[in-house]
Amino acid sequence: MMSELLDLNLVEASKALKNKEISSLELTKAYLKSISDTSSLGAYLEIVEDKAINMAKESDKKLIDATARPLEGVPIGIKDMFCTKDIKTTASSKILENFIPTYESTVTQNLWNDGAVILGKLSCDEFAMGSSNETAAKGNVINPWLKNKKMSPGGSSGGSAAAVAARSALAATGTDTGGSIRQPAAFCGITGLKPTYGRCSRWGIVAFSSSLDQAGPLTRTVSDAALMLNSMAGYDQKDSTSANLKMPDLMDYLDKGIKGKKIGIPKEYTQDGISEDIVKFYEKSIGWLRDEGAEIIPVSLPHTKYALPAYYIIAPAEASSNLARYDGVRYGARQEASSLDEMYELTRGNGFGDEVKRRIMIGTYVLSSGYYDAYYLKAQKVRRLIKEDFENVYKKVDYILTPSTPTTSFELGKKQDPLTMYLNDIFTVPASLAGLPGISLPVGLDKSGLPIGIQLIANSFDEAGLISTARVLEMSAGFNFIADGAAK
Amino acid sequence: MSNKDTIVDVPTVNKIARLSRLDIPEVNKESLTNDLNNILGFVAQLDEVDTSNVEPLASVTGHKLPLRSDDVNDGNIEDLVLKNAPESSSGFFVVPKVIE
(Lines give C-alpha, C1' and ligand atoms only; values in the text may rest on other atoms or scores of the structure.)
Protein backbone atom coordinates (compact mmCIF):
# COMPACT_ATOMS: atom_id res chain seq x y z
CA MET A 1 0.00 0.00 0.00
CA MET A 2 2.83 2.38 0.88
CA SER A 3 4.42 1.94 -2.53
CA GLU A 4 1.08 2.68 -4.21
CA LEU A 5 0.74 5.85 -2.15
CA LEU A 6 4.24 6.96 -3.12
CA ASP A 7 3.49 6.24 -6.78
CA LEU A 8 0.91 9.03 -6.83
CA ASN A 9 2.22 12.40 -8.00
CA LEU A 10 0.93 15.63 -6.47
CA VAL A 11 -2.03 16.06 -8.84
CA GLU A 12 -3.01 12.39 -8.56
CA ALA A 13 -2.68 12.37 -4.76
CA SER A 14 -4.73 15.53 -4.52
CA LYS A 15 -7.47 13.93 -6.61
CA ALA A 16 -7.40 10.69 -4.61
CA LEU A 17 -7.70 12.71 -1.40
CA LYS A 18 -10.68 14.66 -2.71
CA ASN A 19 -12.35 11.43 -3.90
CA LYS A 20 -11.74 10.01 -0.39
CA GLU A 21 -9.83 7.06 -1.87
CA ILE A 22 -6.99 7.85 0.54
CA SER A 23 -6.64 9.98 3.67
CA SER A 24 -4.10 12.70 4.32
CA LEU A 25 -3.07 10.88 7.50
CA GLU A 26 -2.11 7.68 5.66
CA LEU A 27 -0.41 9.65 2.89
CA THR A 28 1.52 11.78 5.38
CA LYS A 29 2.53 8.71 7.41
CA ALA A 30 3.76 7.03 4.23
CA TYR A 31 5.95 10.07 3.53
CA LEU A 32 7.26 10.20 7.11
CA LYS A 33 8.23 6.54 6.73
CA SER A 34 9.84 7.35 3.43
CA ILE A 35 11.86 10.18 5.04
CA SER A 36 13.18 7.69 7.56
CA ASP A 37 13.89 5.06 4.86
CA THR A 38 15.90 7.54 2.79
CA SER A 39 17.56 9.40 5.68
CA SER A 40 21.03 8.42 4.47
CA LEU A 41 20.58 10.96 1.63
CA GLY A 42 20.61 13.77 4.19
CA ALA A 43 17.90 15.78 2.44
CA TYR A 44 16.10 16.90 5.62
CA LEU A 45 17.58 19.20 8.26
CA GLU A 46 14.47 19.12 10.43
CA ILE A 47 11.48 16.76 10.44
CA VAL A 48 8.29 18.00 12.12
CA GLU A 49 6.44 14.74 12.56
CA ASP A 50 3.89 15.88 15.18
CA LYS A 51 3.00 19.01 13.24
CA ALA A 52 2.65 16.98 10.04
CA ILE A 53 0.29 14.50 11.72
CA ASN A 54 -1.81 17.31 13.20
CA MET A 55 -2.06 19.16 9.91
CA ALA A 56 -2.98 15.92 8.13
CA LYS A 57 -5.78 15.26 10.63
CA GLU A 58 -7.10 18.81 10.13
CA SER A 59 -7.00 18.26 6.37
CA ASP A 60 -8.89 14.99 6.68
CA LYS A 61 -11.70 16.83 8.49
CA LYS A 62 -11.93 19.35 5.68
CA LEU A 63 -11.83 16.60 3.07
CA ILE A 64 -14.78 14.92 4.76
CA ASP A 65 -16.92 18.01 5.18
CA ALA A 66 -16.16 19.07 1.58
CA THR A 67 -14.39 22.33 2.47
CA ALA A 68 -11.12 21.09 0.98
CA ARG A 69 -8.70 23.69 -0.38
CA PRO A 70 -6.52 23.30 -3.52
CA LEU A 71 -3.60 21.50 -1.79
CA GLU A 72 -5.62 19.90 1.00
CA GLY A 73 -3.67 17.20 2.79
CA VAL A 74 -0.62 16.91 0.53
CA PRO A 75 2.69 16.49 2.44
CA ILE A 76 5.48 18.73 1.17
CA GLY A 77 9.01 19.78 2.14
CA ILE A 78 10.28 23.34 2.55
CA LYS A 79 13.73 24.60 1.63
CA ASP A 80 15.46 25.89 4.73
CA MET A 81 15.61 29.40 3.19
CA PHE A 82 11.94 29.98 4.04
CA CYS A 83 11.17 31.26 7.53
CA THR A 84 8.69 28.92 9.20
CA LYS A 85 7.14 30.10 12.45
CA ASP A 86 8.35 28.14 15.48
CA ILE A 87 10.34 25.76 13.23
CA LYS A 88 14.10 26.13 13.09
CA THR A 89 15.27 27.93 9.93
CA THR A 90 19.02 27.87 9.36
CA ALA A 91 19.61 28.55 5.64
CA SER A 92 22.09 25.67 6.10
CA SER A 93 24.39 28.07 7.96
CA LYS A 94 26.14 27.69 11.29
CA ILE A 95 25.39 31.35 12.02
CA LEU A 96 21.65 30.55 12.09
CA GLU A 97 21.95 27.10 13.67
CA ASN A 98 19.55 27.98 16.49
CA PHE A 99 17.31 30.51 14.73
CA ILE A 100 13.60 29.92 15.29
CA PRO A 101 11.54 32.47 13.34
CA THR A 102 8.65 34.18 15.08
CA TYR A 103 6.86 34.67 11.77
CA GLU A 104 6.00 32.75 8.60
CA SER A 105 7.16 33.56 5.06
CA THR A 106 4.39 34.65 2.69
CA VAL A 107 4.99 31.77 0.26
CA THR A 108 4.79 29.06 2.93
CA GLN A 109 1.78 30.76 4.53
CA ASN A 110 0.09 30.67 1.11
CA LEU A 111 0.76 26.92 0.95
CA TRP A 112 -0.66 26.28 4.45
CA ASN A 113 -3.67 28.49 3.65
CA ASP A 114 -4.32 26.18 0.70
CA GLY A 115 -4.18 23.06 2.88
CA ALA A 116 -0.66 21.68 2.34
CA VAL A 117 0.97 19.66 5.15
CA ILE A 118 4.58 20.38 6.19
CA LEU A 119 6.94 17.42 6.54
CA GLY A 120 10.08 19.36 7.42
CA LYS A 121 12.89 21.62 6.32
CA LEU A 122 15.21 20.72 3.47
CA SER A 123 18.94 21.20 3.22
CA CYS A 124 20.51 23.58 0.72
CA ASP A 125 23.83 25.25 0.05
CA GLU A 126 24.66 27.76 2.79
CA PHE A 127 22.54 30.89 2.18
CA ALA A 128 21.72 29.29 -1.21
CA MET A 129 25.27 29.96 -2.38
CA GLY A 130 26.45 26.91 -4.27
CA SER A 131 25.66 24.50 -7.07
CA SER A 132 26.35 21.14 -5.45
CA ASN A 133 24.87 21.33 -1.94
CA GLU A 134 28.39 20.92 -0.60
CA THR A 135 28.48 24.33 1.11
CA ALA A 136 25.74 23.28 3.58
CA ALA A 137 27.06 23.61 7.15
CA LYS A 138 25.79 20.14 8.05
CA GLY A 139 27.25 18.49 4.96
CA ASN A 140 26.09 17.68 1.48
CA VAL A 141 22.92 15.93 0.39
CA ILE A 142 23.31 12.80 -1.76
CA ASN A 143 21.56 12.54 -5.11
CA PRO A 144 19.21 9.50 -5.09
CA TRP A 145 20.38 8.68 -8.64
CA LEU A 146 23.29 6.19 -8.74
CA LYS A 147 23.04 6.35 -4.98
CA ASN A 148 26.10 4.26 -4.25
CA LYS A 149 28.33 6.55 -6.28
CA LYS A 150 27.41 9.55 -4.10
CA MET A 151 26.56 12.07 -6.79
CA SER A 152 25.72 15.70 -6.15
CA PRO A 153 22.01 16.62 -6.10
CA GLY A 154 22.98 20.04 -7.45
CA GLY A 155 22.33 23.25 -5.63
CA SER A 156 21.40 25.29 -4.01
CA SER A 157 17.97 23.60 -3.63
CA GLY A 158 19.70 20.20 -3.43
CA GLY A 159 17.69 18.88 -0.47
CA SER A 160 14.43 19.87 -2.17
CA ALA A 161 15.38 18.17 -5.44
CA ALA A 162 16.74 15.04 -3.74
CA ALA A 163 13.63 14.70 -1.54
CA VAL A 164 11.23 14.93 -4.48
CA ALA A 165 13.33 12.49 -6.53
CA ALA A 166 13.65 10.12 -3.54
CA ARG A 167 9.88 10.32 -2.86
CA SER A 168 10.41 11.65 0.64
CA ALA A 169 8.34 14.74 -0.25
CA LEU A 170 5.42 14.87 -2.66
CA ALA A 171 6.65 18.31 -3.74
CA ALA A 172 9.02 20.93 -2.34
CA THR A 173 9.70 24.63 -2.39
CA GLY A 174 12.95 26.07 -3.64
CA THR A 175 14.56 29.42 -4.27
CA ASP A 176 16.42 30.32 -7.45
CA THR A 177 18.91 33.19 -7.71
CA GLY A 178 21.04 31.99 -10.63
CA GLY A 179 19.73 28.48 -11.22
CA SER A 180 19.17 27.08 -7.73
CA ILE A 181 15.82 25.47 -8.63
CA ARG A 182 16.47 24.49 -12.26
CA GLN A 183 19.99 23.03 -11.93
CA PRO A 184 19.21 20.65 -9.00
CA ALA A 185 15.93 19.68 -10.70
CA ALA A 186 17.97 18.73 -13.78
CA PHE A 187 20.52 16.77 -11.70
CA CYS A 188 17.77 14.84 -9.85
CA GLY A 189 15.48 14.05 -12.80
CA ILE A 190 12.55 16.19 -11.66
CA THR A 191 10.76 19.40 -12.70
CA GLY A 192 11.84 22.78 -11.31
CA LEU A 193 10.17 26.08 -12.11
CA LYS A 194 11.57 29.54 -11.43
CA PRO A 195 8.77 32.06 -11.90
CA THR A 196 9.10 35.61 -13.19
CA TYR A 197 10.85 37.90 -10.70
CA GLY A 198 8.03 39.42 -8.64
CA ARG A 199 5.59 36.51 -9.04
CA CYS A 200 6.23 35.02 -5.59
CA SER A 201 6.73 37.21 -2.55
CA ARG A 202 10.24 37.30 -1.11
CA TRP A 203 8.93 38.26 2.32
CA GLY A 204 10.25 35.89 4.97
CA ILE A 205 12.75 34.23 2.63
CA VAL A 206 16.34 34.52 3.85
CA ALA A 207 17.77 37.16 1.49
CA PHE A 208 20.76 36.34 -0.74
CA SER A 209 20.60 38.59 -3.81
CA SER A 210 17.40 40.59 -3.63
CA SER A 211 17.17 41.66 -7.29
CA LEU A 212 17.41 38.00 -8.37
CA ASP A 213 15.95 35.78 -5.60
CA GLN A 214 12.69 34.09 -6.54
CA ALA A 215 10.80 31.18 -4.99
CA GLY A 216 9.38 28.31 -7.02
CA PRO A 217 8.31 24.66 -6.87
CA LEU A 218 10.30 21.43 -7.36
CA THR A 219 7.95 18.62 -8.37
CA ARG A 220 7.67 15.31 -10.19
CA THR A 221 5.69 16.66 -13.14
CA VAL A 222 4.79 19.85 -14.98
CA SER A 223 1.17 19.58 -13.76
CA ASP A 224 2.45 19.30 -10.19
CA ALA A 225 4.51 22.46 -10.70
CA ALA A 226 1.41 24.26 -11.99
CA LEU A 227 -0.61 23.19 -8.95
CA MET A 228 2.11 24.27 -6.50
CA LEU A 229 2.80 27.62 -8.17
CA ASN A 230 -0.94 28.40 -8.23
CA SER A 231 -0.76 28.48 -4.43
CA MET A 232 2.74 29.94 -3.95
CA ALA A 233 2.33 32.97 -6.23
CA GLY A 234 0.45 36.19 -5.49
CA TYR A 235 0.77 39.87 -4.77
CA ASP A 236 2.12 40.77 -1.36
CA GLN A 237 2.30 44.28 0.04
CA LYS A 238 5.13 43.17 2.29
CA ASP A 239 7.48 42.73 -0.70
CA SER A 240 8.00 46.02 -2.53
CA THR A 241 9.02 44.14 -5.70
CA SER A 242 5.97 41.88 -5.67
CA ALA A 243 4.02 42.10 -8.94
CA ASN A 244 0.43 43.26 -8.59
CA LEU A 245 -0.73 41.06 -11.45
CA LYS A 246 -3.14 38.19 -11.23
CA MET A 247 -1.72 34.89 -12.42
CA PRO A 248 -4.22 32.78 -14.35
CA ASP A 249 -5.08 29.29 -13.01
CA LEU A 250 -2.14 27.36 -14.46
CA MET A 251 -4.09 24.08 -14.38
CA ASP A 252 -6.20 25.48 -17.25
CA TYR A 253 -3.11 25.64 -19.46
CA LEU A 254 -1.87 22.06 -19.23
CA ASP A 255 -3.39 20.83 -22.45
CA LYS A 256 -3.34 23.91 -24.67
CA GLY A 257 -0.69 22.46 -26.97
CA ILE A 258 1.88 24.45 -28.94
CA LYS A 259 0.56 24.44 -32.51
CA GLY A 260 1.85 27.52 -34.29
CA LYS A 261 4.02 28.59 -31.36
CA LYS A 262 7.52 29.77 -32.17
CA ILE A 263 10.42 28.24 -30.26
CA GLY A 264 13.78 30.03 -30.34
CA ILE A 265 17.00 28.02 -30.37
CA PRO A 266 19.84 30.30 -29.25
CA LYS A 267 23.11 29.47 -30.96
CA GLU A 268 25.11 30.57 -27.90
CA TYR A 269 23.90 27.63 -25.78
CA THR A 270 25.67 24.85 -27.66
CA GLN A 271 29.25 25.65 -26.82
CA ASP A 272 32.31 23.57 -26.19
CA GLY A 273 32.30 21.73 -22.90
CA ILE A 274 28.66 20.66 -23.04
CA SER A 275 28.18 16.90 -22.73
CA GLU A 276 27.43 14.95 -25.92
CA ASP A 277 24.45 13.18 -24.37
CA ILE A 278 22.93 16.51 -23.41
CA VAL A 279 23.36 17.83 -26.97
CA LYS A 280 21.71 14.64 -28.26
CA PHE A 281 18.66 15.10 -26.02
CA TYR A 282 18.56 18.83 -26.76
CA GLU A 283 18.28 18.01 -30.46
CA LYS A 284 15.65 15.36 -29.73
CA SER A 285 13.67 17.93 -27.72
CA ILE A 286 13.76 20.37 -30.62
CA GLY A 287 12.42 17.57 -32.86
CA TRP A 288 9.64 16.70 -30.42
CA LEU A 289 8.42 20.29 -30.26
CA ARG A 290 8.54 20.55 -34.06
CA ASP A 291 6.53 17.31 -34.35
CA GLU A 292 3.88 18.82 -32.06
CA GLY A 293 3.40 21.76 -34.38
CA ALA A 294 5.85 24.37 -33.10
CA GLU A 295 7.92 26.43 -35.48
CA ILE A 296 11.64 26.20 -34.67
CA ILE A 297 13.56 29.43 -35.17
CA PRO A 298 17.33 29.91 -34.73
CA VAL A 299 18.00 33.01 -32.61
CA SER A 300 20.94 34.79 -31.05
CA LEU A 301 21.42 36.13 -27.53
CA PRO A 302 24.79 37.75 -28.18
CA HIS A 303 25.65 38.72 -24.60
CA THR A 304 25.10 35.22 -23.14
CA LYS A 305 28.82 34.77 -22.54
CA TYR A 306 28.82 37.77 -20.21
CA ALA A 307 25.90 36.66 -18.05
CA LEU A 308 27.99 34.58 -15.64
CA PRO A 309 30.66 37.27 -15.04
CA ALA A 310 27.93 39.91 -14.55
CA TYR A 311 26.12 37.59 -12.15
CA TYR A 312 29.28 36.99 -10.11
CA ILE A 313 29.53 40.73 -9.49
CA ILE A 314 25.86 41.55 -8.90
CA ALA A 315 24.93 38.55 -6.71
CA PRO A 316 27.94 38.84 -4.35
CA ALA A 317 27.48 42.63 -4.14
CA GLU A 318 23.88 42.22 -3.02
CA ALA A 319 24.85 39.32 -0.76
CA SER A 320 27.56 41.32 1.00
CA SER A 321 24.95 43.95 1.80
CA ASN A 322 22.18 41.49 2.77
CA LEU A 323 24.44 39.40 4.99
CA ALA A 324 25.57 42.44 6.95
CA ARG A 325 22.56 41.75 9.15
CA TYR A 326 24.30 38.72 10.71
CA ASP A 327 26.10 40.73 13.33
CA GLY A 328 25.58 38.66 16.46
CA VAL A 329 23.25 41.29 17.91
CA ARG A 330 19.65 40.70 16.90
CA TYR A 331 19.61 37.00 16.05
CA GLY A 332 21.94 34.19 15.16
CA ALA A 333 25.08 32.98 16.85
CA ARG A 334 27.45 35.35 18.70
CA GLN A 335 31.12 34.93 19.54
CA GLU A 336 31.92 36.77 22.72
CA ALA A 337 34.63 39.43 22.52
CA SER A 338 35.72 42.49 24.45
CA SER A 339 34.96 45.05 21.75
CA LEU A 340 32.01 45.41 19.38
CA ASP A 341 34.10 45.25 16.20
CA GLU A 342 35.94 42.19 17.40
CA MET A 343 32.60 40.59 18.27
CA TYR A 344 31.36 41.25 14.71
CA GLU A 345 34.49 39.86 13.10
CA LEU A 346 34.69 36.71 15.23
CA THR A 347 30.95 36.05 14.98
CA ARG A 348 30.96 36.34 11.20
CA GLY A 349 34.32 34.67 10.68
CA ASN A 350 33.21 31.71 12.75
CA GLY A 351 29.58 31.57 11.60
CA PHE A 352 29.96 31.72 7.81
CA GLY A 353 31.42 28.97 5.63
CA ASP A 354 34.17 29.47 3.04
CA GLU A 355 31.96 30.04 -0.01
CA VAL A 356 29.81 32.59 1.81
CA LYS A 357 32.94 34.41 2.98
CA ARG A 358 34.35 34.45 -0.57
CA ARG A 359 31.15 35.98 -1.89
CA ILE A 360 30.97 38.58 0.87
CA MET A 361 34.59 39.49 0.13
CA ILE A 362 33.98 39.76 -3.65
CA GLY A 363 30.83 41.78 -3.03
CA THR A 364 32.54 44.13 -0.61
CA TYR A 365 35.44 44.59 -3.02
CA VAL A 366 33.29 45.43 -6.06
CA LEU A 367 31.25 47.91 -4.02
CA SER A 368 34.25 49.55 -2.37
CA SER A 369 35.43 53.05 -3.11
CA GLY A 370 37.35 53.22 -6.40
CA TYR A 371 36.03 49.92 -7.77
CA TYR A 372 32.27 50.50 -7.80
CA ASP A 373 32.12 51.89 -11.37
CA ALA A 374 34.56 49.41 -12.86
CA TYR A 375 32.80 46.36 -11.46
CA TYR A 376 29.33 46.92 -10.05
CA LEU A 377 28.08 49.61 -12.41
CA LYS A 378 29.66 47.82 -15.37
CA ALA A 379 27.87 44.59 -14.42
CA GLN A 380 24.55 46.44 -14.13
CA LYS A 381 25.06 47.86 -17.62
CA VAL A 382 25.83 44.41 -19.02
CA ARG A 383 22.74 43.15 -17.20
CA ARG A 384 20.66 45.60 -19.25
CA LEU A 385 22.24 44.33 -22.49
CA ILE A 386 21.40 40.75 -21.48
CA LYS A 387 17.81 41.73 -20.77
CA GLU A 388 17.61 43.55 -24.11
CA ASP A 389 18.91 40.44 -25.90
CA PHE A 390 15.88 38.55 -24.58
CA GLU A 391 13.49 41.42 -25.40
CA ASN A 392 14.71 41.40 -29.01
CA VAL A 393 14.34 37.65 -29.34
CA TYR A 394 10.83 37.68 -27.84
CA LYS A 395 9.74 39.93 -30.72
CA LYS A 396 10.32 36.89 -32.93
CA VAL A 397 9.58 33.85 -30.78
CA ASP A 398 7.27 32.76 -27.93
CA TYR A 399 9.65 30.51 -25.97
CA ILE A 400 13.34 29.72 -25.84
CA LEU A 401 14.65 26.16 -25.50
CA THR A 402 18.10 25.46 -24.02
CA PRO A 403 19.83 22.69 -22.08
CA SER A 404 19.46 23.24 -18.32
CA THR A 405 23.09 22.45 -17.50
CA PRO A 406 26.29 21.77 -19.47
CA THR A 407 26.81 18.40 -17.74
CA THR A 408 24.79 15.91 -15.71
CA SER A 409 25.48 15.43 -11.99
CA PHE A 410 29.05 14.95 -10.77
CA GLU A 411 30.53 13.03 -7.86
CA LEU A 412 30.53 14.67 -4.46
CA GLY A 413 33.78 15.47 -2.75
CA LYS A 414 35.82 15.81 -5.94
CA LYS A 415 36.86 19.26 -4.90
CA GLN A 416 36.18 21.71 -7.67
CA ASP A 417 37.64 25.18 -7.51
CA PRO A 418 35.03 27.92 -7.02
CA LEU A 419 35.16 29.12 -10.60
CA THR A 420 34.62 25.66 -12.14
CA MET A 421 31.67 25.26 -9.79
CA TYR A 422 30.20 28.57 -10.99
CA LEU A 423 30.14 27.28 -14.58
CA ASN A 424 27.35 24.85 -13.61
CA ASP A 425 24.91 27.74 -13.84
CA ILE A 426 25.99 29.00 -17.24
CA PHE A 427 22.62 28.20 -18.89
CA THR A 428 20.37 29.27 -16.02
CA VAL A 429 21.93 32.60 -15.03
CA PRO A 430 20.93 34.62 -18.14
CA ALA A 431 17.16 34.21 -17.52
CA SER A 432 17.73 35.08 -13.85
CA LEU A 433 19.44 38.35 -14.73
CA ALA A 434 16.55 39.18 -17.09
CA GLY A 435 13.96 38.20 -14.44
CA LEU A 436 12.32 35.71 -16.81
CA PRO A 437 10.44 32.53 -15.88
CA GLY A 438 12.19 29.25 -16.67
CA ILE A 439 11.46 25.59 -16.15
CA SER A 440 13.75 22.56 -16.23
CA LEU A 441 12.27 19.16 -16.92
CA PRO A 442 13.83 15.72 -17.34
CA VAL A 443 13.89 14.34 -20.89
CA GLY A 444 16.21 11.33 -20.69
CA LEU A 445 19.21 9.63 -19.12
CA ASP A 446 22.84 9.88 -20.16
CA LYS A 447 25.13 6.89 -20.76
CA SER A 448 25.86 6.48 -17.06
CA GLY A 449 22.18 6.58 -16.13
CA LEU A 450 21.97 10.16 -14.85
CA PRO A 451 19.04 12.45 -15.70
CA ILE A 452 19.28 15.17 -18.34
CA GLY A 453 17.28 18.39 -17.95
CA ILE A 454 16.07 20.73 -20.68
CA GLN A 455 15.12 24.34 -19.96
CA LEU A 456 12.32 26.40 -21.43
CA ILE A 457 12.36 30.17 -20.89
CA ALA A 458 9.25 32.32 -21.40
CA ASN A 459 8.66 36.04 -21.56
CA SER A 460 7.88 37.90 -18.32
CA PHE A 461 4.74 36.70 -16.55
CA ASP A 462 3.95 34.06 -19.18
CA GLU A 463 4.06 31.14 -16.71
CA ALA A 464 0.84 29.87 -18.32
CA GLY A 465 2.45 29.49 -21.74
CA LEU A 466 5.57 28.06 -20.13
CA ILE A 467 3.42 25.33 -18.54
CA SER A 468 1.64 24.53 -21.84
CA THR A 469 4.93 24.19 -23.70
CA ALA A 470 6.70 22.25 -20.94
CA ARG A 471 3.75 19.86 -20.76
CA VAL A 472 4.09 19.08 -24.49
CA LEU A 473 7.80 18.41 -24.09
CA GLU A 474 7.13 16.26 -21.02
CA MET A 475 4.57 14.11 -22.87
CA SER A 476 6.91 13.65 -25.85
CA ALA A 477 9.92 12.78 -23.72
CA GLY A 478 7.91 10.32 -21.60
CA PHE A 479 10.54 10.33 -18.85
CA ASN A 480 9.27 7.78 -16.34
CA PHE A 481 12.42 6.59 -14.63
CA ILE A 482 12.66 6.47 -10.85
CA ALA A 483 15.93 7.01 -8.98
CA ASP A 484 17.51 3.83 -7.57
CA GLY A 485 17.81 5.59 -4.20
CA ALA A 486 14.10 6.47 -4.05
CA ALA A 487 11.80 5.13 -1.33
CA LYS A 488 9.85 2.08 -2.46
CA MET B 1 40.61 30.02 -16.75
CA SER B 2 43.65 30.69 -14.58
CA ASN B 3 44.44 34.31 -14.21
CA LYS B 4 48.03 35.45 -14.26
CA ASP B 5 47.32 38.98 -13.10
CA THR B 6 47.25 39.78 -9.46
CA ILE B 7 44.26 42.01 -8.85
CA VAL B 8 44.26 41.75 -5.08
CA ASP B 9 47.19 40.99 -2.76
CA VAL B 10 47.16 39.91 0.88
CA PRO B 11 47.10 43.48 2.29
CA THR B 12 44.07 44.25 0.09
CA VAL B 13 42.41 41.04 1.29
CA ASN B 14 43.05 42.20 4.86
CA LYS B 15 41.40 45.51 4.06
CA ILE B 16 38.34 43.88 2.45
CA ALA B 17 38.05 41.46 5.35
CA ARG B 18 38.06 44.42 7.73
CA LEU B 19 35.38 46.23 5.70
CA SER B 20 33.35 42.99 5.65
CA ARG B 21 33.85 42.50 9.40
CA LEU B 22 35.15 38.98 8.76
CA ASP B 23 37.86 37.37 10.83
CA ILE B 24 40.00 35.40 8.35
CA PRO B 25 42.60 33.08 9.94
CA GLU B 26 46.14 33.82 8.78
CA VAL B 27 46.58 30.31 7.30
CA ASN B 28 43.63 30.81 4.93
CA LYS B 29 44.68 34.16 3.53
CA GLU B 30 46.84 32.95 0.70
CA SER B 31 44.28 30.54 -0.76
CA LEU B 32 41.53 33.12 -0.31
CA THR B 33 43.64 35.67 -2.17
CA ASN B 34 44.12 33.17 -5.01
CA ASP B 35 40.40 32.42 -5.18
CA LEU B 36 39.52 36.11 -5.26
CA ASN B 37 42.05 36.75 -8.02
CA ASN B 38 40.63 33.90 -10.09
CA ILE B 39 37.08 35.17 -9.67
CA LEU B 40 37.99 38.81 -10.30
CA GLY B 41 40.04 37.75 -13.33
CA PHE B 42 37.02 35.88 -14.66
CA VAL B 43 34.58 38.77 -14.21
CA ALA B 44 37.07 41.13 -15.87
CA GLN B 45 35.80 39.71 -19.20
CA LEU B 46 33.12 42.37 -18.96
CA ASP B 47 35.74 44.90 -20.09
CA GLU B 48 35.29 43.52 -23.62
CA VAL B 49 31.70 44.78 -23.72
CA ASP B 50 31.06 48.30 -25.00
CA THR B 51 28.65 49.85 -22.49
CA SER B 52 29.34 53.48 -23.30
CA ASN B 53 25.69 54.34 -24.00
CA VAL B 54 24.04 51.85 -21.66
CA GLU B 55 22.16 52.76 -18.51
CA PRO B 56 22.76 50.45 -15.53
CA LEU B 57 19.88 48.10 -14.71
CA ALA B 58 19.18 47.77 -11.00
CA SER B 59 15.74 46.20 -11.13
CA VAL B 60 13.94 44.14 -13.75
CA THR B 61 10.43 44.90 -12.50
CA GLY B 62 10.08 48.23 -14.26
CA HIS B 63 7.62 49.40 -11.64
CA LYS B 64 8.09 52.24 -9.18
CA LEU B 65 8.49 51.30 -5.56
CA PRO B 66 5.05 51.50 -4.01
CA LEU B 67 4.48 53.82 -1.05
CA ARG B 68 2.36 53.01 1.96
CA SER B 69 0.98 55.20 4.68
CA ASP B 70 3.28 55.58 7.66
CA ASP B 71 1.19 53.62 10.16
CA VAL B 72 2.41 51.46 12.97
CA ASN B 73 0.75 48.12 12.28
CA ASP B 74 2.96 45.53 13.93
CA GLY B 75 3.77 47.14 17.26
CA ASN B 76 3.74 45.65 20.73
CA ILE B 77 5.75 42.58 19.79
CA GLU B 78 8.87 43.45 21.80
CA ASP B 79 9.15 39.89 23.11
CA LEU B 80 9.07 38.42 19.61
CA VAL B 81 11.62 40.93 18.31
CA LEU B 82 14.03 40.07 21.12
CA LYS B 83 13.32 36.35 21.16
CA ASN B 84 16.31 35.35 19.02
CA ALA B 85 18.76 37.90 20.45
CA PRO B 86 21.98 36.37 21.82
CA GLU B 87 21.69 38.82 24.73
CA SER B 88 18.95 41.26 25.73
CA SER B 89 18.00 43.21 28.82
CA SER B 90 15.02 45.39 29.79
CA GLY B 91 13.70 45.40 26.22
CA PHE B 92 17.05 46.19 24.60
CA PHE B 93 19.64 44.30 22.57
CA VAL B 94 22.90 44.09 24.50
CA VAL B 95 26.28 44.53 22.79
CA PRO B 96 29.85 44.80 24.12
CA LYS B 97 30.68 48.26 25.49
CA VAL B 98 31.41 50.74 22.65
CA ILE B 99 32.59 53.80 24.62
CA GLU B 100 35.02 54.04 27.49
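**Loops, helix packing and chain contact in a predicted model**

In this predicted model, Phe461(A) is situated in the loop that runs between strand E11 (451–458) and helix H16 (463–477) of chain A.

User: Is Phe461(A) buried or exposed?

Analyst: Phe461(A) has a positive phi, near 65 degrees, although the residue is not glycine. A residue is counted as buried when 20 or more other C-beta atoms lie within 10 Å of its own. Phe461(A) has 20 C-beta neighbours inside 10 Å, and therefore counts as buried.

User: In which loop is Ser156(A) found?

Analyst: The peptide bond from Gly155(A) to Ser156(A) is cis, with omega near 10 degrees. Ser156(A) is found in the chain A loop between strand E3 (117–122) and helix H6 (158–165).

User: How are H10(A) and H13(A) oriented to each other?

Analyst: H10(A) packs against helix H13 (residues 372–393) of chain A at an angle of about 125 degrees, and the two axes are 9 Å apart. H10(A) passes H13(A) in a left-handed crossing. An angle over 145 degrees would count as roughly antiparallel, and one of 65 to 115 degrees as roughly perpendicular. The two helices, H10(A) and H13(A), are therefore oblique.

User: How many nonpolar residues are in the contact of H10(A) with H13(A)?

Analyst: From H10(A), the residues in this contact include Ala310(A) and Ile314(A), which belong to the side that meets H13(A) residues such as Tyr376(A) and Arg383(A). By class, the contact has one charged residue, one polar residue and, as nonpolar residues, 10.

User: Which helix gives the most to the side of chain B that touches chain A?

Analyst: On this side, 40 residues of chain B are in contact with 54 residues of chain A. Two elements of chain B each give two or more residues: helix H1 (10–19) and helix H2 (29–43). The most, seven residues, comes from H2(B).

Conventions: Residues numbered from 1 in each chain as written. Chains lettered and ligands numbered in written order. Predicted model: local features only at pLDDT ≥ 70, side-chain atom pairs only at ≥ 80, totals over all residues. Contact = placed C-beta atoms within 7 Å. Helix = DSSP H or I, 4+ residues; strand = E, 2+ residues; numbered from the N terminus. Axes fitted to C-alpha atoms, helices over the stretch in contact; angles between N-to-C directions. Parallel < 35°, antiparallel > 145°, perpendicular 65-115°, else oblique. Left-handed = near helix turned anticlockwise from the far one by under 90°. Nonpolar A, V, L, I, M, F, W, Y, C, P; charged D, E, K, R; others polar. Buried ≥ 20, exposed ≤ 12 C-beta atoms within 10 Å, placed from the backbone.
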